[in-house]
Amino acid sequence: MPVNYYIFLSLALFAIGIVGVLIRRNAITFFMCIEIMLNAVNLLLVAFSKMHHAKQAATLATAGIDGQIFVFFIMVVAAAEVSVGLAIIVMLFRNVHSVNVNFLNRLKH
Amino acid sequence: MQNALQLVWLIPFFPLIGFLINGLFRKQLSKSLIALTGCGTILVSFILSVWVFLQVKNGNSDVAEYFNFISAGSFKVPFAFQVDALSSLFLLIITGIGFIIHVYSTSYMKDETGEHYGRYFSYLNLFVFSMLLLVMGANYVIMYLGWEGVALCSYLLIGYWFKNTEYSKAANKAFIMNRVGDFAFLLALFWIVSKTGSVSFDVVFSKASALGTSDVTIITLLLFIGATAKSAQIPLYTWLPDAMAGPTPVSALIHAATMVNAGIYMVTRSKALYSLAPLSQDVIAITGLATAILAATIAMKQNDIKKVLAYSTVSQLGYIFLALGVGAYTAGIFHVMTHAFFKALLFLAAGSVIHAMGGEQDIRRMGGMKGKLKITYITFLVGCLAISGIPPFSGFFSKDAILLSAYEHNKILYVVALFGALLTAYYMFRLLFLTFNGSFRGTEEQQHHLHESPAAMTIPLIILAVLSFAGGFAGIPDIFLKGGDAIAEFLSPVLPPEGGKTVSHSTELILMLLTTVLVLAVIVLAWFRFRKYKPEEEKGLGKFLKNKWYVDELYEKIIINPLDRFGAFLSNVFDRSVVDGLVNIVGRLVNYGSRQVRLLQSGQVTSYVLLMVLSMLLIMAVQFFLRK
Amino acid sequence: MSITLILFWFLSVLALFSAAMVVASKNPVYSVLWLILVFFAISGHYLLLNAQFLAIVNIIVYAGAIMVLFLFVIMLMNLNKSNEPKRNKWLNLAGVLAGGCLLLVLVAALKNAETKATLAETGTGNIGLIENLGKALFTDYVVPFEISSVLFLSAMVGAVVLGKKESSPDTAGQSGKSSEK
Amino acid sequence: MIYLLQEELSKKVMDVNDIASYLPIGIQIVCAAGLVAFLMLVTHLLGPKRKTADKLQSFTSGIESHGDARQPVAIKYFLVAILFVLFDVEVIFFYPYAVNFKGLGWSGFWAVLLFVGFFLCGFIYIIKKGALKWEE
Amino acid sequence: MISLTGLNLILPQLIIALAAIIVMLSIAVKRCHRFTNLFTLLSFAAAAISVLYIPRGSFGVSSLFVVDGFGKFFTVLIACAGFVITLMSYHYLNAREKRNEEYYILLLLSSLGALTMVISNHFVSFFLSLEVLSVSLYALIGYLKEEPAGIESGIKYLVLAAVSSSFLLFGIALIYMQTGHLDLSGIAAGLSSSGEFSGVFIAGLAMVIVGIGFKMALVPFHLWTPDIYAGASAPVSAFVATVSKGAVFAFLLRLFYSTGGLENKNVWTVFTIIAVASMLFGNWLALRQQNIKRLLAYSSIGHLGYLMVAFLAITDRGMQAATFYLVVYFTGMLAAFGTVIYMSNKKGEALYIDDYRGLFWKKPWLAAIFTTVMLSLAGIPLTAGFLGKLYLLTAGTEVGIWLLVIVLVVSSGIGLFYYLRVVAVMFAGKNENEASSEPVIGKIFPHGLVLTLLFLLLLWFGVYPSSLLEIIQQIASVIR
């Protein structure tokens, strides 16, 4: 499977994530789109780790491994980030009763 | 033992101390104490100069180096004094005449308030200090230091009575013209440094021969322009007559004896350069002669006693420059010495006349003072005789030497110079007869106020009279007394005598007789002309000469007015609209800009993310499409 | 058209479509469901690429934990179609345009030749297995392993600090005021 | 039948990557999805159907119902969810450790012990802070 | 495997981690603000001192970290910054929050993130430490729950950080694709073999620039800075302005110096555009600012722009100039925010410049400190700021990047305006309506002392910088 397919797929996902981030105002949806973007990146990384594994399989048995470990850490970190993020969003909801990311723009100019 | 001359720094040191004491404590000190310190310091340095003169006489000359005045990388300017025949002679003139004038001015300035009295003497001491610095400097920079100091003091002293705007304007004029000269001097200095890499005389002169003739000519011409400003020659002389605004002893000291000789000293000191540049020597000769003639003609028609003397100084300096131009340096220096004597004498005598007349300076309202001011009259007479070159007096010997060397150089020069000498005799005796002979034309009240000046003024007059009389014997030419030319012999180590005299003794004798006879004739003519004198309006040529050939008005039109107008234009038109405008616009622009840019800060998170994505786009675009 | 190719295309289309639906759907709950579908599609991809461990972790962490959290928060805030913040038409357009341009630029940047040849072969290679990953994790990447524990610590403290209302100032343990409904 | 499956699998060389090894998962998914689909289908088919507007309304003991049925969930459930995520991820870290337990030896053990230690402190903190305490 | 010997290499990080644990347990046992504060101070000090025990030379810790002179220098710098911030925040929090012990845990953990980032030599470790730093910062920024501004800035930071980290990851993925390695040395090796950078690598690098640019608040990605600084509490803003930016800048230096990314002309042009924009916009926007914290935010953007100039002068001297300027920037910012904290009282922070009107008459010593800080930020001679800028200029001119040097001078010219405006306000007449008659909460002993220390440091580096320069000279060559 040529890597290009994976690149285009993850690029598309990434773009959809960004569009989602730009369009949706709801903080939760916002985070979902971020998750999509992160998943796109993870997919790309796994594809590249397999690519490097295929290229250097002869020399080093565990060639592309650090790509996959990086994906593992990304997933783990994303979980932590989301948990704190949602805590803040709940706090926002409790103070302002709305989840619109742009609701508060008192901090102007 | 280290050469005794190392102590030569004491000479300028004492006037400096005098300046500081008088300057700082002028309010506290009493007038007599001020006079004492003022004159005392000059006396001490005079004694030291005599000692130096004796040392130099028996062949001991030296360059005393003290510390590094300026050291920038390889270029080094030592603070050094050069003591040789030329500088020791000048030392004598400056300190000697300086001391006499200091004594004279103690009484002349008696009616000044204590504080101003102190100020006057501190300026005088400072002047003597900077003049000594100029003369003793072993390199151009120290000389320039003195050069500037002297110009400053002349400005301060001319504008001594600063309340009178006329006098301060004259002081400005003097200072600005000197600045023009100094500017040329500075250019020459830079040129020398760039070409020879050093400013000390010995190094510069040794390398001078290696320089291209064009370089040397430019340097010498620039130096000469500096000299013309300082010694009041053709283009830059108009400040000297106006400088008479200062007190008379000041005019005597600065504008007769010492400062005006600075230019001559500098040209003589850089003799090595000038001998390599025949063109500039001719320029000097011609300028000198032209100035002499011009000043003499103007002096004939002047009615202010000091103005006449001022113009006569200008013309005598013209003669000296003529001598330098034709290469007769020793004759030039000799005339400098004698001129210092009788010109100081004339000025001081004029001072005592003005003192007697209660400040009146216009000779048309004087006359018939022979009886009242006996000593002043006699000394004034001696001065006139000396300046016109009557045989036994010093003027005769020095002027004759110049005429002789002019004759050798070029016949025409001699003829014009002779005509100049006759003019000198004419206006000097006109002055003499108008002030002292004939009937008194002043007011009644001035009439009975006339009295002889006190001793403190008359004694200096007498001393100077004796000097003017005896001064000539220092340089008796060979035809009278074999080996009599003491001054030439004294100066020989510094100024080796130029080639042998081409003129035989007989022609020399004839020339001398010719000049003396003509001068006597002119004096008799003047006697008849001015014995019974009635002031009447000048017409035609006389009016033209009276108005100083309208030179001042000429300068006014050519230089000063356009400059004023340009300055005015610059200040209000250009500065106000363009520069201020520009600054305000920038200020307003920046403020306006920052207000607009702040709108970007909308507080909306999505717009932040949008900007992030767009900038991402921009970076990618720059990365790829730029590379193609 | 081998089995893997079909699977690949199916999963890719599924992922893209559901991602689009996540963005496009009105009701946040629907977008959560679509997102879960995206995660399954991507896990499918991992399986194709023989990254079995990552596939499982993806399902457990993302689909399992994070989506649950999302649902909780949505339920907590009782969000549904009605109080969805309205969207400004122009900004949306700008957003879509920006996303599209970025996609175009990146594709243009990355489509050059040499990546075509390299293959991320599917179906072979066992680096995706759990023990190889584990071995690598605990030998080379031990310090990040500890750092992630610290990360979770800070996440815990952060969550509690932000989440909890005013816990009583006196000694801990005594339960705070009844949390606001 | 299960015995057959086991026997057949163990016999073959356990090549991890070939398709057969995915069989168990496949079966698992099929069963789960199948069960749900089956129940939905059967109830849909067997149950009596009379669709009337008011019948479909949610019955709230006669009172006119307004708004939707959803009740906002209390905050404390939220905290539990967050902490669940964090500790769930902790478990994920144990899977690879468990598999290489023997291979890693003592140093691996210390590393994981430290890891668990951190989580323990976090947990103690949470307990003390009463984040997990259910209000009455 | 990290053997025991390896442990003493990352001693400071371990100390801070353990300190966080102990603080957490102490809170679980019994809340006491004073103890927590003192303990945190102690742990920061211990971390700073422990750096001395790390042996000289550069040691790789399992290919993820490299503990070299450069890393150690920044560790000390961040530990000291942490120390100063903890000291400043005691009274500030005492007046506001009841429950303020967690603040210290989060502060310790985010500093830990910064410390690990500074010595990390591998993208995984960089990403993890970046996340540790960010996650604890989310909570810190939104710490003071009462004020809505805190929450809003928290949300903003969260949202933007999440997006930027996904950009960063995408960039890292692309770089990984091109080089096959994730550690910097591996990448450098991968790169040099492939000669001219391929399209993919440049795209990856661009994406990484976006991610890092956000964290360092360079211009196109700076929009969050003013809101966060104004919204978050003053000590947290100080932390964000100094530690988080400093740590990311250190990694940036390490990344681009070891991989030689700057040799590529395009990358260099992109960075120049960013640097120029940061310098100009940073100072330009600050011109009309009334809110002191927003003003400091914009000035910090400007200063990062100046740092980029040194970064772009690729020579060793550029690196030294950048490090020196960073130290000066740290001191300046900490002192500036310290004064803001000192001035803020129970009711609210001394947000607006007018609150400082006539400060000179009320508290001359504080006014003197604040003036020196402003002058140092503006770069007036005799202060460290001036020397910092001087080294920047020499580094810049040496390499001949004239555009940047000119923009630097112009923007510090613009900068002068608003710095001196603050100083002028301080010396203006006392405002009659004594608005905040509330006593200022800053106590002389700890807070005033620290401010004076920073003030003296500014002057000391301004007058006698060689002591600091020698240290920097040693460490600079190590990274090459």
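**Helix packing and chain contacts in a predicted complex**

In this predicted model, helices α15(B) and α16(B) cross with a left-handed sense. Within chain B, α15 spans residues 329–356 and α16 spans residues 374–388; the two pack at an angle of about 150°, and their axes lie 9 Å apart. On the α15(B) side, the contact is formed by F342(B), L345(B), L346(B), A349(B), S352(B) and V353(B). Facing them, α16(B) contributes T376(B), T379(B), F380(B), G383(B), A386(B) and I387(B). Sorted by class, this contact comprises eight nonpolar and four polar residues, with no charged ones.

We can turn next to the meeting of chains C and A. Here 73 residues of chain C are in contact with 65 residues of chain A. Several helices of chain C each supply at least two residues to the side that touches chain A, among them α1 (3–24), α2 (28–48), α4 (89–110) and α7 (142–163). The largest share of that side, 12 residues, belongs to α3(C), a helix covering residues 52–76. By class, the side of chain C that touches chain A holds 50 nonpolar, 17 polar and six charged residues.

Chain E gives a view of a whole chain. Its secondary structure consists of 20 helices and two strands, and 65% of its 480 residues count as buried. Of the contacts in chain E between residues at least 6 apart in sequence, 80% link residues at least 24 apart.

As for confidence, chain E has a mean pLDDT of 83, with 92% of its residues at 70 or more. For the complex, the predictor reports an ipTM of 0.75 and a pTM of 0.67.

Methods
Residues are numbered from 1 along each chain as its sequence is written. Chains are lettered from A and ligands numbered from 1 in the order in which they are written. This is a predicted model: local features need pLDDT of at least 70, side-chain atom pairs count only at pLDDT 80 or more; totals for chains, interfaces and linings use all residues. Axes are lines fitted to C-alpha atoms, for helices over the stretch in contact, and angles run from 0 to 180 degrees between N-to-C directions. Helices (H or I, at least four residues) and strands (E, at least two) are DSSP runs, numbered from the N terminus. A crossing is left-handed if the near helix is turned anticlockwise from the far one by less than a right angle, and right-handed if clockwise. Two residues are in contact if their C-beta atoms, placed from the backbone, lie within 7 Å. Ala, Val, Leu, Ile, Met, Phe, Trp, Tyr, Cys and Pro count as nonpolar, Asp, Glu, Lys and Arg as charged, and the others, Gly among them, as polar. A residue is buried if 20 or more other C-beta atoms lie within 10 Å of its own, exposed if 12 or fewer, and partly exposed in between; C-beta atoms are placed from the backbone. pLDDT is the predictor's confidence in each residue, from 0 to 100.
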